[in-house]
Amino acid sequence: MSINLINTLSQPLKSAAKFVNHNEQASGLSTSRFIQDTSTCLLPKATFARSKADLAENAFLELSESGLVYFAPMLVGKAAKDIFTHSLSKDTRKLVTESATKLMEQNNAISKKVLPVKAAIALSALLIPLTEFTLNYIKNLMTLKVFQKGDFNNIANLENKQEDKQAQIKVKKSATKNIKSAAGIFGLSTILAAVLSSRGAAKSKTLQNISEAILAPGTKFFKNNEKAKNFFNKYCSIDYASENGKLVLSKGQLTSCVVIGGAGYFGAAKDRGKQNFLETLFRYPVVGFYVITGSELFEKGFKKLLQNAGKCKETIGQNLETPSFKELETIAQNMAKKNSTAVEKEFARLAKQKVLISGVPYIFSIGVMGFFVSGISNLFTKYRFTKEQSKKI
């Protein structure tokens, strides 16, 4: 019978260990991750909210964006898989969750049949970044409707002046136009997906090439450059990742959300004035880079720093892998037998290491990428506006 060693820890280590353990176990649970990450991002923005409209906008964006990341990929992927694999046999259907590069290496009749279908399913994922693109325009329309504000200076409480009705009309028209454009682009991608799934299995070299470019652009275009191949496969493929046989958000899809969504951020910000655009220009590249690679780089860098310092030897592997709390129980039991010590004592030492490894990146995420970026961007906006106004006097 397994011993729940976490409960033997003293406070506050027990609380921290339970939090890290829950976070690990929730990696595949959309609801848990949605609640945790939304609160992490929304709390700093709510703290620094400059008006009711500003708070409402941030709440809308954080809730909707987290919903897209944690719920949409699995739902959209499942629906697309059911639609586009109906012509495949039961055994062949399972291959759509296989790695695209692996299927391309096989280069046989079955892989050539599966790749276009897999590409069609991947195209469905464009719904996520295109929806991300529209969210900021929807936010603009919401603020116009609810708060009758289209001027960012009023929304950010930089000043309180009469709203320009013509400017509001311009914001509304731009939002409507861009939302329709996003819908049109997704419509075209859906048509391409239908063509690939229905005709791609035939001996069409063009459709096969398109499928391979969608799924593994690095392998398709950089066969002789290993670094470029791996980079483009990781960050430019819109293929789904696979987790326990389910289609989930991949790093490439996340990148597409940041890039395409960023176009929406900047476009919607520009519609509402100079200060909104400059604030977005300051904040978005930092946050976007951190979302795509920064968190991963920081976590790896911190582990490497500990490894080089000879710290956390039992909990950081050669390739910077770390055991789960469940695995730590086994390690603690083996060490206790070897050292003739109490299991609880060994587990407590390992738990401290585990909490340090997981906790510092998490605190960095909240403190620096949350509170610091939100706070400093607001301060810079206020500073720029005040300086600009002083020049007019």
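These legends walk through several close-up views of a predicted model. Local features need pLDDT of at least 70 and side-chain atom pairs count only at pLDDT 80 or more, while totals for chains, interfaces and linings use all residues. Residues are numbered from 1 along each chain as its sequence is written, and side-chain values use heavy atoms, with hydrogens and water left out.

**View 1. Helix 17 has a kink.** Helices here are DSSP runs of H or I, at least four residues, numbered from the N terminus. Helix 17 covers residues 343-392, and at 1.5 Å a residue its 50 residues should span 74 Å (that's 1.5 Å times one less than the number of residues). Its end C-alpha atoms are 71 Å apart, which agrees. The kink is about 30° and is centred on F372; the bend is the angle between axes fitted to the seven residues ending there and the seven starting there.

**View 2. Helix 16 packs against helix 17.** Helix 16 (residues 325-339) meets helix 17 at about 135°, with axes 8 Å apart; axes are lines fitted to C-alpha atoms over the stretch in contact, and angles run from 0 to 180 degrees between N-to-C directions. The two are therefore oblique to each other (under 35 degrees is roughly parallel, over 145 roughly antiparallel, 65 to 115 roughly perpendicular, and the rest oblique). Contact means heavy atoms within 4.5 Å, and the residues making it include F325 and L328 of helix 16 and V343 and F347 of helix 17. By class, this contact has eleven nonpolar, two polar and four charged residues. Ala, Val, Leu, Ile, Met, Phe, Trp, Tyr, Cys and Pro count as nonpolar, Asp, Glu, Lys and Arg as charged, and the others, Gly among them, as polar.

**View 3. Helix 8 runs alongside helix 14, roughly parallel.** The axes of helix 8 (residues 127-147) and helix 14 (residues 251-271) come within 7 Å and cross at roughly 20°. Among the residues that meet are F133 and Y137 in helix 8, and G261 and G264 in helix 14. This contact has ten nonpolar, six polar and two charged residues.

**View 4. Two backbone spots worth a look.** Most residues other than glycine have a negative phi, and most peptide bonds are trans. A cis peptide bond joins Q11 and P12, with omega about 0°; P12 sits in the segment before helix 1 (13-25). L320, not a glycine, has a positive phi of about 70°, and lies in the loop between helix 15 (274-308) and helix 16.
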